[in-house]
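Please read the points below alongside the model.

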Protein chains: 2
Amino acid sequence: MSYLGVGITPGNVAVYHGGKMKLIDRRLRLTELLLRCSVTVFTLLALILVVTDTQVKHIFTIERRAKYTDMKALVFLVVANGIAAVYSLLHSVRCLVGSMKGSVLFSKPLAWAIFSGDQAMAYMCVAAIAAAAESGLIGREGEEKLQWMKLCNMYGKFCDWMSVGVAIALLASIAMVFVSCISAFSLFRLYGGATQRPPSLAVVK
Amino acid sequence: MSYLGVGITPGNVAVYHGGKMKLIDRRLRLTELLLRCSVTVFTLLALILVVTDTQVKHIFTIERRAKYTDMKALVFLVVANGIAAVYSLLHSVRCLVGSMKGSVLFSKPLAWAIFSGDQAMAYMCVAAIAAAAESGLIGREGEEKLQWMKLCNMYGKFCDWMSVGVAIALLASIAMVFVSCISAFSLFRLYGGATQRPPSLAVVK
């Protein structure tokens with residue numbers, strides 16, 4: 001479907017294009033696609049970095065291996081990133097197909113489903129980052145009053161790579177927050193018709 | 001301003017009411033007001049509970065007092081709840097005044113400012129809860145492999161009250177997430193006019 005006017009796609013998506021909205025919708029679709037692809041790439045990259053990060057220390061005769069499963073927060077980060085990666089990959093494909101067809105989302109139930117999913121993903125990613133950052137901070141600086149000792153002086157390389165993984169997951173979270181804003185726009189503009197000001201209504205600015 | 005038709009309030013807010021939208025807008029305003037008041041009450045309550053929670057233990061001749069400043073995550077929770085409480089209180093007053101006037105938000109810059117603020121507050125509250133929950137989990141169960149010992153067997157009363165405080169802060173976060181959805185609705189429906197389907201366009205359902 002190209003930008004020729006009005007059309008209908010199979011399923012719940014209808015297509016209608018005016019002049020100005022054509023450009024806005026095209027840019028919006030492209031931005032959404034790029035952001036969803038970024039989320040997929042960043043979450044996968046963070047997941048791989050966190051899961052493969054490991055460091056072995058020999059303390060006398062004891063071998064001690066640091067890995068992400070030692071911290072509950074990092075396990076949560078890996079699970080959250082895995083879910084977000086699959087979710088974003090599926091939606092990237094949907095966006096790509098929609099972009100090729102030039103379709104605009106007009107179905108409220110579908111828009112509600114996408115909006116709800118995006119909101120859940122964004123908050124889950126932010127929560128996972130916050131929990132991992134908190135654990136990481138204790139690992140780096142310790143919590144002196146609670147006698148939780150710092151570990152990064154022992155496992156420096158492990159901590160550095162983990163920080164890179166968490167930083168990339170943070171980028172994914174930021175992209176996911178923007179995606180959730182776009183899906184909110186796509187949903188709530190469908191409710192705009194009834195709230196439009198009548199042309200005769202002057203507004204005090 | 002009552003529900004009599006069209007009116008204008010001073011500033012950037014215009015008032016227009018149709019039949020059906022009158023009811024929807026009234027309900028939306030009321031829901032927003034109740035949610036913002038809930039956030040104010042819950043954040044203040046959580047803040048007071050966390051700040052005042054303390055427990056003293058005597059280990060031989062040493063006196064050890066547990067308080068929220070022992071954990072960085074709880075300090076962040078207190079700061080985040082304080083900011084969210086003040087923010088929600090101010091917006092509760094704005095909503096109350098708007099509700100009494102019967103005004104509907106039509107100004108895009110103002111709607112963008114409210115939307116951005118609400119989004120920031122919602123993500124900040126969720127991040128603070130996640131960090132506090134992670135620290136709380138380590139405090140309750142310990143992180144055996146990292147030799148971060150559990151503390152709640154020593155400071156049981158402190159941990160129990162802290163859990164209540166974090167649970168109330170969680171309620172505040174959930175309310176804040178719904179508030180951010182309402183402000184997204186209030187903003188993005190302003191962009192709805194241009195995307196409305198023409199009446200002649202049949203949509204495949």
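**Notes on the predicted model**

1. Helix H3 of chain A (residues 108-141) has 34 residues and should span 50 Å at 1.5 Å a residue; its end C-alpha atoms lie 49 Å apart, which agrees. The expected span is 1.5 Å times one less than the number of residues. Helices (H or I, at least four residues) and strands (E, at least two) are DSSP runs numbered from the N terminus.

2. This is a predicted model, in which local features need pLDDT of at least 70, side-chain atom pairs count only at pLDDT 80 or more, and totals for chains, interfaces and linings use all residues. Residues are numbered from 1 along each chain as its sequence is written, chains are lettered from A and ligands numbered from 1 in the order in which they are written, and side-chain values use heavy atoms, with hydrogens and water left out.

3. Met100(B) belongs to helix H2 (residues 72-101) of chain B. Its relative accessibility is 62%, so Met100(B) counts as exposed (over 50% relative accessible area, 1.4 Å probe, protein chains only). Thr54(B) is 46 residues away along the chain, and the two C-alpha atoms are 43 Å apart.

Methods. Buried < 20%, exposed > 50% of the residue type's maximum accessible area, 1.4 Å probe, protein only.
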